[in-house]
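This report describes side-chain packing and a metal site. The structure is shown first.

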Amino acid sequence: MLRNKQALIPYLLLFAALAGGLIWHESENVPGLGRSVITGQADIGGPFKLIDHTGKPVTEADFRGRYLLIYFGYSFCPDVCPTTLAVMAQALDKLGPEARRVTPVFITIDPERDTPKVLADYMKAFGPSFVGLTGSVDAIKDAEKKYRVYAVKKPLDPAKPKAGYGMDHSSVLYLMGPNGKLISFYDEAISPDNLAKELRQKI
Ligand code: NI
């Protein structure tokens, strides 16, 4: 969730980066621009080495051949994360049997508290197809970078350091294709109906 205006700035930058990548992606199809095109996709995603909610090490290659709906957040999030995960769950319900082709993935931005066990319990609230991913602080930072995720720790009460922390974070749903490339992204305000409609069109 985003708690203040300062947090909004990197969020907007993230969207500019995402949109820029997609606009660039479209413009490459325009003949005569003379651009040298390296890939046909916005530069989002890539290899990761994480641990799933059952404690098993996984890489992005383990998900090849499946559509992924990826969301970065943290299980202690009081509002936006659980709401967005619920939207994902509802959209997949609405999608019907086609939903079998999509794996919903929650990648924690708070690996210190979100252990596999914590994620296993958390994922249960959203459905059996949900996969929770955690890992070392460095591995998570690396994944955040590849998905242009903004996430910073923030004390719940600056006057009381022992009161714990929350996370300011960007809130984006990424739809990745079976080849591991980004297909599209959505902000957390998307409704279950619209997300289901998008998935029906794009998978
Ligand atoms: Ni959150």
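Over the ring of which residue does the charged end of Arg113 sit, 4.3 Å from its centre? In this predicted model, that ring belongs to Phe76. Arg113 also lies over the face of Tyr165, at 3.7 Å from the ring centre.

**Metal site**

A nickel ion is coordinated by Cys77 (SG), Cys81 (SG) and His169 (NE2), at distances of 2.1 to 2.4 Å. The sequence spacing of these donor residues is C-x3-C-x87-H. Cys77 is in the loop between strand 3 (67-73) and helix 2, while His169 is in strand 7 (residues 165-169), so this pair ties together parts 92 residues apart in sequence. Cys77 counts as buried at 5% relative accessibility, and His169 is buried with a relative accessible area of 1%.

**Aromatic pairs**

There are seven aromatic pairs. Two of them are listed here.

| Pair | Centre distance | Plane angle | Class |
|---|---|---|---|
| Phe48 and Phe63 | 6.3 Å | 50° | tilted |
| Phe72 and Tyr174 | 6.2 Å | 85° | edge-to-face |

Phe72 in strand 3 and Tyr174 in strand 8 (residues 172-176) link parts of the chain 102 residues apart, and both are buried. Phe48 and Phe63 are also buried. Elsewhere, ring pairs join Phe106, Tyr122, Phe126 and Phe130 into a cluster.

**Nonpolar core**

The largest nonpolar core has 56 residues; among the members that touch the most others are Phe72, Leu85 and Tyr174. Helix 2 (residues 80-95) supplies the largest share of this core, nine residues. Leaving aside residues up to four places away in sequence, Leu85 touches Tyr71, Phe106, Tyr122, Met123, Phe126 and Phe130.

Conventions:
Residues numbered from 1 in each chain as written. Predicted model: local features only at pLDDT ≥ 70, side-chain atom pairs only at ≥ 80, totals over all residues. Heavy atoms only, no water. Core = buried A, V, L, I, M, F, W, Y, C linked by side-chain atoms within 4.5 Å. Buried < 20%, exposed > 50% of the residue type's maximum accessible area, 1.4 Å probe, protein only. Helix = DSSP H or I, 4+ residues; strand = E, 2+ residues; numbered from the N terminus. Contact = heavy atoms within 4.5 Å. Donors = N, O, S within 2.8 Å, 3.2 Å for Na, K, Ca; no water. Phe/Tyr/Trp six-rings, centres within 6.5 Å; stacked < 30°, edge-to-face > 60°. Lys NZ or Arg CZ within 6 Å of the ring centre and 35° of its normal.
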